[in-house]
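Subject: Structure handover, with notes on pockets, cavities and salt bridges

Dear colleague,

I am passing on the structure we spoke about, and my notes on it follow directly below. Please read them with the structure open beside you.

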Amino acid sequence: MANTKYVFVTGGVSSSLGKGIIAASLAKLLQARGYRVTIQKLDPYINVDPGTLNPYEHGECYVTDDGAETDLDLGHYERFLNTPTSQANNVTTGRIYQSVIEKERRGEFLGKTVQVVPHITNEIKERIQILGKSGEYDIVITEIGGTVGDIESLPYIEAVRQLKWELGDTNALVIHLTLIPYLSAAGELKTKPTQHSVKTLMESGIKADVLVCRTEHELSDDLRRKLALFCNVKQEAVIESIDASTIYDVPNLMLEEGLDTVVLKQLVLRHDDTPNLEKWNMFLERHKNPKYEVTIGLVGKYVELQDSYKSILEAFIHAGAENEVKVNVVSIHSEYIDDNTINKKIAHLDGILVAPGFGERGIEGKIKAVQFAREHKLPFFGICLGMQMAVIEYSRNILGLKDACSAEVDEKTPHPVIDLMEEQKSVTDMGGTMRLGAWDCELVENSKVFEAYKEKLISERHRHRYEYNNNYKEQLENAGLKTTGINPRTGLVEIIEIPDHPWFVGVQYHPEYKSTVANPHPLFIAFVKAAVTYSKSNKSAKVSQGL
């Protein structure tokens, strides 16, 4: 533990300033200098994990290899660093209190009165240091959720204060992300909110070592001097974080501002080399200079909130850059797809992705979208529930099983082509009880997915309770819906394809969780490539018809 350094990222003035992106960008710069870095997120809400939260409440629930249902910021961490996270990378107040109460019930506190200080704060400190004590990392960055001054964040802030005192100034530092608002009527940036935020932090016993200032306009030297003086930080530690056109610009912007150098200096670590961002910048170059453009429809039921499908949207950015293509993603609410609207909503697209989800709302619209893609040879990609909708659509319209459905939607369906997993039938608790984490899948050669992955055995992350019903497998295969991926241990159908369709693939797992800047996901790459082929052939057809 003695060799591990700790960086804490707190936020002030406003929520949604991008602590996760700043933490991931700093980690990327440190990693690019050769340091072993990981990031964890401490969330103040009392849910044990985000697994039971509505996506409208909290955005998508991200899943790790070891089956943790976590905050979506862990997706940013993995996409930037290209290293997997785990259960230890996301801690909630619910998990902290649950652990402390269980210890109290077991008598581990020897009859002591259990209190926020020291028992809750000790538990938080222990969780913060788990990754550091593993010996795998030189630097652990910990993002504290919420905003300084929030009641629910106080135990975390106190734990950071104690830990910083215990570790010493050369082993731990605090970065405070804050907002410098621009008042258009006055025509100037205002520092007072930041001063108050830093003051609130100091009232909790923590001095900010670095100020990262979100702003719409450049900070002048005078403004930086003022912030340094009134917030008690060095002027070089006042870092401008100006609005960027893409989150993937932020590491370079932080490099220009010297954030990594300031951090390494205080932690007394080597800082005289230059981060190697060659591969990162090659990705940025392709992302910003596409040679072609496609439009893909994202058919889902949480489309009003972009964060509901965050990993899918980012996976399209990675795959687009790999293909040197700009992917325009159009959100389509499945609840509003019917026979009257389907043409208007989908006919102009170059491909559709039917998104994951739960429950019966919007199901029929998803099935209509799948049918359109199948019949019009439009590239189709179904993920989790999207794959299940493809099975239902095929069962209804090709097999003639008109009442085919998922048991999740209709418990009394005579043809449950999608059914509850056997081991789920006795489950009563909702949280953390689905099929979660990484599972193996064996691919069939000469399939679209084998062509994409270029390997026989893959491992992908799951999050579901219902599955393809193998009782219908023979009928569906004989009718042309081929199984091209199976879990070798359970026999679970993981992937379905239509061989005589240009690109029609449904997967039970979530490929978007494993797509990173350094390793775009092969299925997204293949899907975008198919959309480009479709778009070009469509344009050629229109030209030949004189349209």
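By class, the 40 residues that line the largest pocket divide into 13 nonpolar, 13 polar and 14 charged, where Ala, Val, Leu, Ile, Met, Phe, Trp, Tyr, Cys and Pro count as nonpolar, Asp, Glu, Lys and Arg as charged, and the others, Gly among them, as polar. Please bear in mind that this is a predicted model, in which local features need pLDDT of at least 70 and side-chain atom pairs count only at pLDDT 80 or more, while totals for chains, interfaces and linings use all residues. Residues are numbered from 1 along each chain as its sequence is written, and side-chain values use heavy atoms, with hydrogens and water left out.

The largest pocket has a volume of about 1,000 Å³, and the lining residues nearest its centre are Ser 16, Gly 18, Leu 72, Asp 73 and Asp 307. Two or more lining residues come from each of α1 (19-32), β2 (37-43), α2 (55-58), α3 (73-81), β11 (238-242) and α12 (310-323), and α1 gives the most, with four. Helices (H or I, at least four residues) and strands (E, at least two) are DSSP runs, numbered from the N terminus. On a 1 Å grid over the protein atoms alone, a pocket is an open set of points with protein on both sides within 12 Å along at least five of seven lines, a cavity is a set of points where a 1.4 Å probe fits but cannot get out, and lining residues have an atom within 4 Å of a point. Grid points are joined across faces, edges and corners, and a volume is the space filled by probe spheres set on the points.

By this rule there are three cavities of 30 Å³ or more, and the largest cavity has a volume of about 60 Å³. Its lining consists of Gly 357, Phe 358, Cys 384, Leu 385, Gln 388, Glu 408, His 464, Arg 465 and Tyr 466, which by class are four nonpolar, three polar and two charged.

The search of the whole structure also finds 35 salt bridges, each being a side-chain nitrogen of Lys or Arg within 4 Å of a carboxyl oxygen of Asp or Glu. One of them joins Arg 286 and Glu 322, with the closest N and O atoms 3.8 Å apart; this pair links distant parts of the chain, since Arg 286 is in helix α11 (residues 278-288) and Glu 322 in helix α12, 36 residues apart. Another joins Glu 364 and Arg 396, whose closest N and O atoms are 3.0 Å apart. Because Glu 364 lies in helix α14 (residues 363-375) and Arg 396 in helix α15 (residues 385-397), this pair ties together parts that are 32 residues apart in sequence. Glu 364 is partly exposed, with a relative accessible area of 43%, whereas Arg 396, at 14%, counts as buried; buried means under 20% relative accessible area, exposed over 50%, and partly exposed in between (1.4 Å probe, protein chains only). Salt bridges that share partners also join Lys 41, Asp 43, Asp 71, Asp 73 and Glu 143 into one network.

With best regards
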